[in-house]
Amino acid sequence: MNLPPSGRQWSIWHGAHEATVVEIGGGLRTLSLDGLPGIAGYAEDEVCRSCRGQVLVPWPNRIRDGRYAFAGAEHGLALTEPDRGVALHGLVCWLPWQRRHGDPATDPATDPATEHGDRVTVGTRLPPQPGWDWWFDVEVSYRLTDDGLTVDTTVTNLDRTPAPFGYAAHPYLALRGTPVAAAKLTVPAAAYLPVDEDRLLPVGGPRPVTADLDFRAGRAMGPTALDTAYTDLRRNGDGRWEVTLTGTEAGGVTLWAQDGFDWLQVYNGPMLPLDRPIDGVAVEPMTCAPDAFNTGLGLIILGPGERWTGRWGIAPAR
């Protein structure tokens, strides 16, 4: 069997909405909403680069020197961004995932079929390894409705001791042909986390957004290079915060997240090679801050058998 680099492809659809979820990493490879691109994905014959659509567990962003202390023990992770000397974006991005039907604790069944109506649920098991001592189960359900895409995630600590934990997703919202600098971005955040220039690691705690990083009223990004963690997020009456991206063409796209996501990262690709641009802006719903395993900002402790659940989604801008 000749498999593409991202493994098996699970396609879902609802009306004019379509999406593709992949075996390697369990992430979102494509999404179109009302026939227009909702994310800047990648082709079936490509290896995922720049973390497009990937699931980030058991931590998002960077861990300083790949080292952290927990429950009196020191841990050392592989430096997956060696130029900066950090461990980046968790441990499940390149694991094989399986399609699931029932409770992952009792029925981790799989199905090789490729088409599944309006929803698909995939999961994987994260085992102990150097720098990480715990068994985790990770399950993600992708569902399309009239409103767009909803993503429900459940992370379960299968081990005998508590474990540190953070989650994020890494979609790039599509620009529909608009240059990044001309896209209008709205981010409902009153604070951001300063980082150093060389390693992009936190320098102190959150601060009020400066003028160049303030997108609460919505404006074009212009030349601003964003790789910024935001917090102090304004929520709607239903507890959601929303980030909206609109271009010069018709339509736009909104990423939303429910309670539990107190952070988000916005990245417009300023450090990508010029010959490999991405026609989108990464908007990453996060449960914690960068380097949370060391700073504790937003860090979740999952006890034995404990589950965390979270919900976010992508919709056409209204």
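This is a predicted model: local features need pLDDT of at least 70, side-chain atom pairs count only at pLDDT 80 or more; totals for chains, interfaces and linings use all residues.
Let's start with the backbone. Most residues other than glycine have a negative phi, and most peptide bonds are trans. A few places here go the other way. The bond joining Val 57 to Pro 58 is cis, with omega near 5 degrees. Pro 58 itself belongs to the loop that runs between β5 (54-56) and β6 (62-64). Cys 51 isn't a glycine, yet its phi is positive, at about 65 degrees. This cysteine is found in the loop between β4 (36-37) and β5. Cys 51 counts as buried because its relative accessible area is 17%, which is under the 20% cut-off. Asp 291 is another non-glycine residue with a positive phi, this time about 60 degrees. Look for Asp 291 in the loop between β25 (280-286) and α1 (292-295). With a relative accessible area of 3%, Asp 291 is buried too.

Next up is Trp 256, which is part of strand β23 (residues 252-257). Its relative accessible area is 5%, so Trp 256 is buried. What does Trp 256 touch, once residues up to four places away in sequence are left out? The list is Leu 149, Thr 150, Arg 240, Trp 241, Glu 242, Arg 311, Trp 312, Gly 313 and Ile 314. One of these, Arg 240, lies over the face of Trp 256, at 3.5 Å from the ring centre.

Now for rings meeting rings. The model has 11 aromatic pairs. Tyr 172 and Tyr 267 make up an edge-to-face pair, with 6.4 Å from centre to centre and 65 degrees between the planes. This pair ties together distant parts of the chain, 95 residues apart: Tyr 172 is in strand β16 (residues 172-174) and Tyr 267 in strand β24 (residues 263-267). Both tyrosines are buried. Phe 261 and Trp 308 are also edge-to-face, at 5.9 Å centre to centre and 80 degrees between the planes. Here the partners are 47 residues apart, with Phe 261 in the loop between β23 and β24 and Trp 308 in strand β27 (residues 307-316). Phe 261 and Trp 308 are both buried. They also belong to a cluster, in which ring pairs link them with Phe 70, Trp 132, Trp 134, Phe 136, Phe 165 and Tyr 167.

How values were computed
Residues are numbered from 1 along each chain as its sequence is written. Side-chain values use heavy atoms; hydrogens and water are left out. Helices (H or I, at least four residues) and strands (E, at least two) are DSSP runs, numbered from the N terminus. Buried means under 20% relative accessible area, exposed over 50%, partly exposed in between (1.4 Å probe, protein chains only). Contact means heavy atoms within 4.5 Å. Rings of Phe, Tyr and Trp (its six-membered ring) pair if their centres lie within 6.5 Å; planes under 30 degrees apart count as stacked, over 60 as edge-to-face and the rest as tilted. A charge sits over a ring if NZ of Lys or CZ of Arg is within 6 Å of the ring centre and within 35 degrees of the ring normal.
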